[in-house]
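Keep the 3D view open as you read.

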Amino acid sequence: MKKCKLIYNPAAGNKAFPKKLDRIISKLQTKGYHVDMYRSMKKDDFDEIIESIKISDYHNILVAGGDGSLNIIINKMLKHNLNIPIGIIPAGTANDFATYLNMPTDFERTIDVFDNKNIQAVDIAKVNNKYFINVCLVGEFSSVPQNTNTEFKTLLGKMAYYLNSIKEIPNLKPIPFRIETRSTTLEEKLYMFVILNSSGAGGFKNLSPNAKINDGLFDFIGIKYKDYKGIYKLPSLLMQVLQGEHLTNKDVIHIKEEYFRIECLDSSLNNYHCDIDGEKGPKLPLNISVLPQKIRIYTNRDLKI
């Protein structure tokens, strides 16, 4: 029998996964898997379980949770040089990366994807001393994923992020940044920026409509500061984002690169943290390098470069 390590976060999303656990294990067993299960109890308990895994022992690692759970697992796997295919069971709130991979929201149907053995190598990025697979966010919105109440997310799902984002608009302040890549340097005041691997983040599916997760490049998308009245244009820009029409907006910076160095030009904000995949990330300045096709992951779509 194939042996898999199933790691799940019982508090993820609407907390539906634990209620269906027996049926999921039954289906995995029907597919020929011996299931070794681990229930996460706190963020810091992944180290011990990942360290105990040997490549020869497991066919794959299955992660049931959201982008944050996936981020933690990937960081621990890279720390311990563990290169085993990862399968995502999208049990979180936004599940942005799983959505890009076209993973079914029906947990049992996800098992069929693993059985199809469509495993492909995808890019990740290293930011200072940590890794992220989908998004690095900086700006007033960066605290939204961390500060959105768990019960609020359970009740409203992705809408909780949208509502908290809109609530932050009156409080937005421009931040002066220097952005350096291999080919360009620019200085600009921005309300926020994201560096993105897939096409979506925070439940917004079309932030970077043409993104590819195996081309060795990430997308930088920044929202420019104009003047004190410019902030009131953000709701209309938000509508463009929902429709994937914002990249041609003159108030949006879009860069596709393999390396970014981002520095805040206001020294009073040097303690500002980024958000990576919904988790608290490193402080600025940020040195971000793409690691092409670094991990192997199950996908339900064709990832042509």
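A residue is called buried when its relative accessible area is under 20%. It is exposed when that value is over 50%, and partly exposed in between. By this rule, 53% of the 305 residues of the protein are buried. The model is a predicted one.

Start with the overall picture. The protein has 9 helices and 15 strands. Take the contacts between residues at least 6 apart in sequence: 77% of them join residues at least 24 apart. The accessible surface of the protein is about 14,100 Å². Carbon and sulfur atoms account for 47% of that surface.

Now turn to charge. Side chains of opposite charge can pair when their charged atoms come close. How many salt bridges does a search of the whole structure find? The search finds 10.

One of them joins Arg23 and Glu108, with the closest N and O atoms 2.6 Å apart. Another pair is Lys27 and Asp112, whose side chains meet at 3.2 Å, N to O. Lys27 lies in H1 and Asp112 in H5, so this pair, too, ties together parts that are 85 residues apart in sequence. Asp112 has a relative accessibility of 27%, so Asp112 counts as partly exposed. A network of salt bridges links Lys27, Lys31, Asp112 and Asp115.

How do the two helices H1 and H5 pack? Their axes are 9 Å apart, at an angle of about 25°. Angles under 35 degrees count as roughly parallel, so H1 is roughly parallel to H5. Their crossing is right-handed. H1 contributes Arg23, Ile24, Lys27 and Leu28 to the contact. H5 contributes Phe107, Glu108, Arg109, Ile111 and Asp112.

Asp219 forms a salt bridge with Lys256, and the closest N and O atoms are 2.8 Å apart. Asp219 sits in strand S10, residues 218–224, and Lys256 in strand S11, residues 252–257, so the pair ties together parts that are 37 residues apart in sequence. Is Asp219 buried or exposed? Its relative accessibility is 1%, so Asp219 counts as buried. Lys256, at 34% relative accessibility, counts as partly exposed.

Conventions: Residues are numbered from 1 along each chain as its sequence is written. This is a predicted model: local features need pLDDT of at least 70, side-chain atom pairs count only at pLDDT 80 or more; totals for chains, interfaces and linings use all residues. Side-chain values use heavy atoms; hydrogens and water are left out. Helices (H or I, at least four residues) and strands (E, at least two) are DSSP runs, numbered from the N terminus. Buried means under 20% relative accessible area, exposed over 50%, partly exposed in between (1.4 Å probe, protein chains only). Contact means heavy atoms within 4.5 Å. Accessible areas come from the Shrake-Rupley method with a 1.4 Å probe; for residues, only the protein chains shown count as cover. A salt bridge is a side-chain nitrogen of Lys or Arg within 4 Å of a carboxyl oxygen of Asp or Glu. Axes are lines fitted to C-alpha atoms, for helices over the stretch in contact, and angles run from 0 to 180 degrees between N-to-C directions. Angles under 35 degrees count as roughly parallel, over 145 as roughly antiparallel, 65 to 115 as roughly perpendicular and the rest as oblique. A crossing is left-handed if the near helix is turned anticlockwise from the far one by less than a right angle, and right-handed if clockwise.
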